[in-house]
Amino acid sequence: MRPSQRVLSAFAALAASAALLTVPPGAAPGAAADTGDGCDPIDPAACLLPFPNDWYTVADPSTPTGRRVHLSTTLTNALGAPVKPDEWNRSDGFSPGSMLLSRVPGVDLARSGAAPVTDIGASLRRDAPIVIVDTATGERQPYWAELDGNAPDDRKALIVRPARNLREGHRYAVALRNLRDASGNVIEPNASFAKLLGPTLPSDDPLRARQRAEHGTLAALARNGVGRDGLYLAWDFTVASRQSTTGQVLRMRDEALGQLGEGSPSFQVTDVKNDVDDKIAREVKGVVWAPSYLDKDGGPAGSALNRDQDGNPAQLPGNKQAVPFQCDIPKSAFTEPARPALYGHGLLGNEREAGAANVKAMAAEHGFVFCATKWIGMADEDVPNVVSALGDITRFRTVADRLQQSLLNFTFLGRAMTRGFAEDRAFQNDAGESLIDRRAPLTYDGNSMGGVMGGALTAVSPDIRRAVLGVPAMNYSTLLNRSADFPRFGQVLDRAYPDKIDQQLGLALMQMLWDRGEADGYARHLTRDPLPGTPRHRVLMHVAFGDQQVSPIAAEVEARTIGARIHAPTVLPGRSLDRTPYWGIPAFESSYAGSAMVVWDSGSPVPPIGNVPPTEGRNPHSDPRNNADARRQKAVFLTTGVVVDVCGGGPCVITP
């Protein structure tokens, strides 16, 4: 869902203030780094390249990976403020969805034979020019490669995106080889890397330490059939462990639910509206109280996690989070109690989205009570802080930390729905009987950002077993450049970090923190490998073909990562540009009892294949939720866990 006009007005004022950011005279964004300043000398186009990179870690036997991120030099914004690395240095590795970044001057990816997004299978060819290999298993990682479509030729980053998330805690070796320019000529490695490939350097050479580190990478590649012939660049990196990424939220959840016990959290109904419309009998608003792990009283926008002396999230004495909610009770609940479901709102929205027409229709047609609260961190109240964080990436921790608190807030709202609301008159009929079915399990349905965040919530929830993720995806570092919503926000990033390579590095850094609060960090545990203290889950993903706000490409990565199957036939012949449409996602026909992805096609144009926003045709982003057949499929799945064919044995086509 697009941001409301009120939110956009607030954003416009803040974006205008970004014009005050100017590049200081004489500054050289993206200048090559000197050896000894903390930068990796093997890719001189910008400090932190190549990224992610174990050159920016240190040994730490206390972590599950045996490494810890140790950034000393990062990025500096146009006002000269460096990104302070403290929050990143808590991690024991890099994002499982991290894009791989480098700069190869003059490279032509097509002439080189690099796998594009339309032919992911080509990334696993034996002679592929880009190789990503798991050093523990020897497994080759599927990916697609692209050049930054937003950058001038002299600052185009080479972006390699995993087509399925990397394995937590594993080390990967990367090789770029036999790369060619537009004339077909092989591109030679830069002087520093070429020197590393040569004879052993003397102990006083500035590159000696880097050469020693490179030996391990080259040996790992050689063990897996990748030699030095034609090598342009090689490096390795470690993926963060499950504990590093999800541990904070699980600690907060377990401590807070332990304090709560088996009952309901405290709540207060503040407003009841009867006879809302022809579908909704009663709208109930109020507040649930949850422990706040943020560092300001009440956890307002801009707060960060409060930490104890060991760096763990800790509740300030007595600090509570007011969790506003809106619940819509359908008229059918007065005949038969309605099933409880949490609803997740879209980008920079709020709990009032529970009153959207499509949510009311779902409630009325299929007997659900939907209750929603805010995804704090990325809700309407967070707009000023989000813009501030784009201007100074150090502040991005406040976005990610509030998102982690929001996962706890939703968990507490779910407990109130299933263990407390039925005792309140606002949720009872005139006879004092509950309008919420006490026997039905809690489910989840969310759209857009609610589809992104819903993946993380479902993975950490001890109560949700089945969830629908509407127009979903994961990994904002992939989504942002491909979203029609982002250019507004990109104005701030352009002013603060004008160099386009720095921008991609900034997105990669932000993703490391985002992983703690969005589906990218939890996807491996969303279905078949549940997190500690949670059940196994099933999810149904509803994807809009040609979505202009949430790229279906990122939804496909999520489907591969969680092991979902895809409804087939998926789209009409000729609609997909892919050599193998929906590569690596097993298909099912008819019905399927498991996690699945269904593509809904409204006839919108195929989006651009690069990392640029779509600009042509009608946006189908809201079409699946507004389709009665799609809602019926959702309802059956939430009730039974079975994905039924509602499309007559063919592709799911919507007439707008």
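Tyr582 is placed in the loop between strand 17 and strand 18, where helices (H or I, at least four residues) and strands (E, at least two) are DSSP runs numbered from the N terminus. Although Tyr582 is not a glycine, its phi is positive, at about 55 degrees. With a relative accessibility of 10%, Tyr582 counts as buried, a term that means under 20% relative accessible area, whereas exposed means over 50% and partly exposed lies in between (1.4 Å probe, protein chains only). The loop between strand 17 (565-567) and strand 18 (587-588) also holds Pro569, which is joined to Ala568 by a cis peptide bond with omega of about -5 degrees. The model is a predicted one, in which local features need pLDDT of at least 70 and side-chain atom pairs count only at pLDDT 80 or more, while totals for chains, interfaces and linings use all residues. Residues are numbered from 1 along each chain as its sequence is written, and side-chain values use heavy atoms, with hydrogens and water left out.

A positive phi is also found at Leu348, a residue other than glycine, with a value near 55 degrees. Leu348 belongs to the loop between strand 12 (339-344) and helix 6 (357-366), and its relative accessibility of 3% makes it buried. A cis peptide bond also joins Leu49 and Pro50, with omega of about -15 degrees, and Pro50 lies in the loop between helix 1 (5-17) and strand 1 (57-59).

The protein contains 14 helices and 20 strands. Its radius of gyration, taken over C-alpha atoms, is 25 Å, close to the 26 Å that the globule rule gives for 656 residues, so the protein is as compact as a globular protein of that length; the globule rule is 2.2 Å times the number of residues to the power 0.38. Along the principal axes, the C-alpha atoms fill a box of roughly 85 × 60 × 45 Å. Of the 656 residues, 61% are buried. Where contact means heavy atoms within 4.5 Å, 75% of the contacts between residues at least 6 apart in sequence join residues at least 24 apart.

Cys327 and Cys371 are themselves joined by a disulfide (S to S 2.0 Å), a disulfide being a pair of cysteine sulfur atoms within 2.5 Å. The torsion about their S-S bond is about 115 degrees, so the disulfide of Cys327 and Cys371 is right-handed. This pair links distant parts of the chain, with Cys327 in strand 11 and Cys371 in strand 13 (residues 368-372), 44 residues apart, and both cysteines are buried. By the same rule the count comes to 3 disulfides. Cys39 is joined to Cys47 in a left-handed link with -105 degrees about the S-S bond, whereas the link of Cys647 and Cys652 is right-handed, with 100 degrees. With bonded cysteines counted along the chain, the disulfides follow the pattern 1-2, 3-4, 5-6.

Strand 11 (residues 320-330) also includes Gln326, which is buried, with a relative accessible area of 2%. The side chain of Gln326 forms a polar contact of 3.2 Å with that of Glu283 and a polar contact of 3.2 Å with that of Asp328. A polar contact is a pair of N or O atoms within 3.5 Å; within protein, one must be able to donate a hydrogen and the other to accept it, and residues adjacent in sequence count only if both atoms are side-chain atoms. By contrast, Gln309, in the loop between strand 10 (280-291) and strand 11, is exposed, with a relative accessible area of 80%.
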